[in-house]
Amino acid sequence: MTARRKRTAVLISGRGSNMRALVERARDPSYPAEIALVLSNRPDAAGLRFAVEAKIACAVTDHKLYASREEFERSMQILLELHRIELICLAGFMRMLTPWFVRQWQRRLLNIHPALLPAYRGLDTHARALADGVKIHGCTVHFVVPAMDEGPIIAQAAVAVLDSDTPESLAARVLAEEHAIYPAALACVAEGHLRIQGNRVLSSSCSAGLPAPLRFPFSD
Ligand code: GRF
């Protein structure tokens, strides 16, 4: 008997290309997670259109309508519970989450960041990497903890920085890697085979693929 797929919510604020990559990968019935809800804090998030067309349940919790961060998050929490959500993927979700919310979802809340953490936390990662002259840049999927862009790392992918790169061209190559590692990382978490030791995520029995030289876990 195949295991039940984990009901997953994807939280977005804008374009939603990572959400799209997750939805497309989860169309495979053997994928261990299903995208059961797309939740945006912005009514005008471009990604919502794709989610509606893909017939995924969508909701908007507009943070501007709430007096406090706590009220905003409690409203999201109710929606997540109503949809019986088990895992959350933050995908370009541009709101800081309180320790209260993060604790509700400990080890069940993932984020993707466009840099090789712990380098380049925060914004404008590609421009900062170019300004520093690094030769390798990339992206990271990690569990969320109550500190920005920290938490045990599940997956990373690296790209070479080219002499001709601009922040935009570098962002585009990193984004292609984001679309590969986020579905692979979610699969590992949904399968429940990960072991966490301190900050280290050990995933030897993860079926999402084998380590490749510059991408872990590897996915095609
Ligand atoms: C991605 O670069 C992601 O790493 C960062 O925000 C961006 C979101 O892009 N957290 P998209 O909305 O998934 O297209």
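A disulfide is counted here as a pair of cysteine sulfur atoms within 2.5 Å, and by that criterion the structure holds 0 disulfides. This is a predicted model, in which local features need pLDDT of at least 70 and side-chain atom pairs count only at pLDDT 80 or more, while totals for chains, interfaces and linings use all residues. Residues are numbered from 1 along each chain as its sequence is written, and side-chain values use heavy atoms, with hydrogens and water left out.

**Cysteines**

- C58 is in no disulfide, since the nearest cysteine sulfur, that of C89, is 15 Å away; C58 is partly exposed, with a relative accessible area of 31%, where buried means under 20%, exposed over 50% and partly exposed in between (1.4 Å probe, protein chains only).
- C89 is likewise in no disulfide, the nearest cysteine sulfur being that of C188 at 12 Å, and C89 is buried, with a relative accessible area of 0%.

**Ligand surroundings**

- The residues around the ligand are R15, G16, S17, N18, G92, I112, H113, P114 and E178, a residue being near a molecule if one of its heavy atoms lies within 4 Å of it.
- An oxygen atom of the ligand lies 2.6 Å from an N or O atom in the side chain of R15, and an oxygen atom of the ligand is 2.9 Å from a polar backbone atom of N18.
- A nitrogen atom of the ligand is 3.0 Å from a polar backbone atom of I112.
- Taken alone the ligand exposes 360 Å², of which the protein buries 83%, with accessible areas from the Shrake-Rupley method and a 1.4 Å probe.

**Salt bridges**

- A search of the whole structure finds 5 salt bridges, each defined as a side-chain nitrogen of Lys or Arg within 4 Å of a carboxyl oxygen of Asp or Glu.
- R4 and E86 form one of them, with their closest N and O atoms 2.7 Å apart; the pair links distant parts of the chain, 82 residues apart, with R4 in the segment before β1 (6–12) and E86 in the loop between α3 (69–82) and β4 (87–90).
- R4 counts as exposed at 57% relative accessibility, whereas E86 counts as buried at 18%.
- D165 and R173 also meet in a salt bridge, at 2.6 Å from N to O, where D165 is buried at 11% and R173 is partly exposed at 26%.

**Helix α6**

- At 1.5 Å a residue, the 25 residues of helix α6 (residues 167–191) should span 36 Å, and the end C-alpha atoms are 35 Å apart, which agrees; the expected span is 1.5 Å times one less than the number of residues.
- Helices (H or I, at least four residues) and strands (E, at least two) are DSSP runs, numbered from the N terminus.

Definitions and conventions:
A polar contact is a pair of N or O atoms within 3.5 Å; within protein, one must be able to donate a hydrogen and the other to accept it, and residues adjacent in sequence count only if both atoms are side-chain atoms.
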